[in-house]
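Here are some notes on the model you sent. They are set out as numbered points, to be read beside the coordinates.

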Amino acid sequence: LPMNFALIASMSRSTEGMLEFAGWSVIILCMSLIIFSYLRRRSDLITAWNCVLFGCTINIGVGCLEAVDRTESFYQRYISFNFPDADYRDALTRNLVFLATMFVMYYGIKLFRKFGHNRFQVCPEWSGTMFVWVISICSVFMLCVSFISIPFFKEVVFNLAQKAAVFAGVFSFYAWYRNRSSVPMLFLSIAILGVAALFCIKVSPGRRLLLTVFAAAPFVAYWLKWRYSNPVRVLLLSSLAGATIALGGLSYAIIRHFDTHGNRFQRSERTISNIIPRLGEINMAGIQAQLDGWKHLLAQANYEYALLTKRIVDSGTAEVHTLNSLHFLSCYAIPRRMWEDKPVTIALDLPRRYLKLLQPSVWGVGPAGHSYYEGGYLALFAYAGVLVFIVRLIDEPLLREPNNPFFIATLVASFSYLINIIRGDFGTHYAELFECFLFAILLNWSARLFTAHRKLAFSKPGQLRAKLAHPN
């Protein structure tokens, strides 16, 4: 039977004040780095690094505010969410150490920048043949989801098909945006984006995959045209686009579990015919209800889940698994059928194995939670380094060749994972990000077999192309 735990404010005033001060400080710091660096033309606006900074704003900054102003949770029936002040201070310290380490590695270590700048030097030239080929390959992956049932291959195709939907949307909008006077290409772009969105709804109840398709248009527009315009105007346009994407995510959140019929233990098949009748349930009241709990909507209780991780480790219920996320990533391609004891991420293990909750859940425990479960501060340093490495792999080639559709599509496919990786799980998000690279590389190699390709122009690492004239 469920245990009823009262939500008692066990946090002292001093700890509340410390968390609120730290939360707003992180929010102001990260948003200032994004906005003022762009307004001063020291960086671009839509980059992998700024996605990570925005993720820190949400999951560390707003996470502190949510820890102070906790909302009632379904899981309070089963678990006590009361923690001593010392635990909150310790979790905050670990999150800030992770943030500081990330800053040092990004701004202070040039090795990551040089390595990222020298990757992906050969790319197909844009042509109608290349466009048709890319859309065809993406379509094949999306269609194969329904037909391939062979173990291992089924999972591989399913994961890559999600990236294929995003790449198809990016390439279609890119093709139209290069020639905005083409009405047929406009309708083709709308059709492909619509199919990609419906595919995302069919294969996943999650919001992130659908949001990546929504982001295709503003990301392409920014890298092809907006970045060469007045920064204030671009900032306003980007904010409007971001608000529109967020509104789409909030609307979908109301009906995204349409396959459960009110019971998450019994799911039916996700089909387009099932979701169409539910579209009428989208209303402003449902959106407003989500906005009323904006702190939990953004941070998703990652502080509380981090402290639950600390509790189960300190009590001996769970052992420390040093760098478990990297172990999970290193053997990610090995089917679990072949290795039953294959590492499992803490996001799955915490609610299901250790807390034994029957309700299906995946919990993000943030940097602090990972450090408790995966080896202390060593895990924080390692995961900050891996994240900066990935960011440089995405941003540096794009800065070198800002109108390259492969690089833009990789950024679009990655952006939601870059924002949410700070909340966790690191292992799962690292795997998703590397799948984005894998799919981009497969497309690149295959397109080079049929189309002309060239070695990209060289420029110094980190050179800001926004100061240059618009390319012909």
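**Notes on the predicted model**

1. Gln300 sits in the loop between α13 (294-299) and α14 (302-314). Helices here are DSSP runs of H or I with at least four residues, strands are runs of E with at least two, and both are numbered from the N terminus. The phi of Gln300 is near 55°, a positive value in a residue other than glycine. Gln300 is partly exposed, at a relative accessible area of 22%; buried means under 20%, exposed over 50%, and partly exposed in between (1.4 Å probe, protein chains only).

2. Ala301 lies in the loop between α13 and α14 as well. Its phi is also positive, about 55°, although Ala301 is not a glycine. Ala301 counts as buried, with 8% relative accessibility. For background, most residues other than glycine have a negative phi.

3. This is a predicted model, in which local features need pLDDT of at least 70 and side-chain atom pairs count only at pLDDT 80 or more, while totals for chains, interfaces and linings use all residues. Residues are numbered from 1 along each chain as its sequence is written, and side-chain values use heavy atoms, with hydrogens and water left out.

4. The chain has 20 helices and 2 strands. Of its 472 residues, 53% count as buried. Among contacts (heavy atoms within 4.5 Å) with a separation of 6 or more, 81% join residues 24 or more positions apart.

5. How do helix α5 and helix α20 cross? The axes of α5 (residues 128-144) and α20 (residues 426-448) come within 10 Å and cross at roughly 135°. Axes are lines fitted to C-alpha atoms, for helices over the stretch in contact, and angles run from 0 to 180 degrees between N-to-C directions. The angle makes α5 oblique to α20; under 35 degrees counts as roughly parallel, over 145 as roughly antiparallel, 65 to 115 as roughly perpendicular, and the rest as oblique.

6. Met130, Trp133, Val134, Ile137, Cys138 and Phe141 of α5 make the contact with Phe439, Leu443, Ser446 and Ala447 of α20. By class, the contact of α5 with α20 has 9 nonpolar, 1 polar and no charged residues. Nonpolar covers Ala, Val, Leu, Ile, Met, Phe, Trp, Tyr, Cys and Pro; charged covers Asp, Glu, Lys and Arg; the others, Gly among them, are polar.

7. His429 belongs to helix α20 and is buried, with a relative accessible area of 4%. Not counting residues up to four places away in sequence, His429 touches Arg208, Tyr417, Asn420, Ile421 and Gly424.
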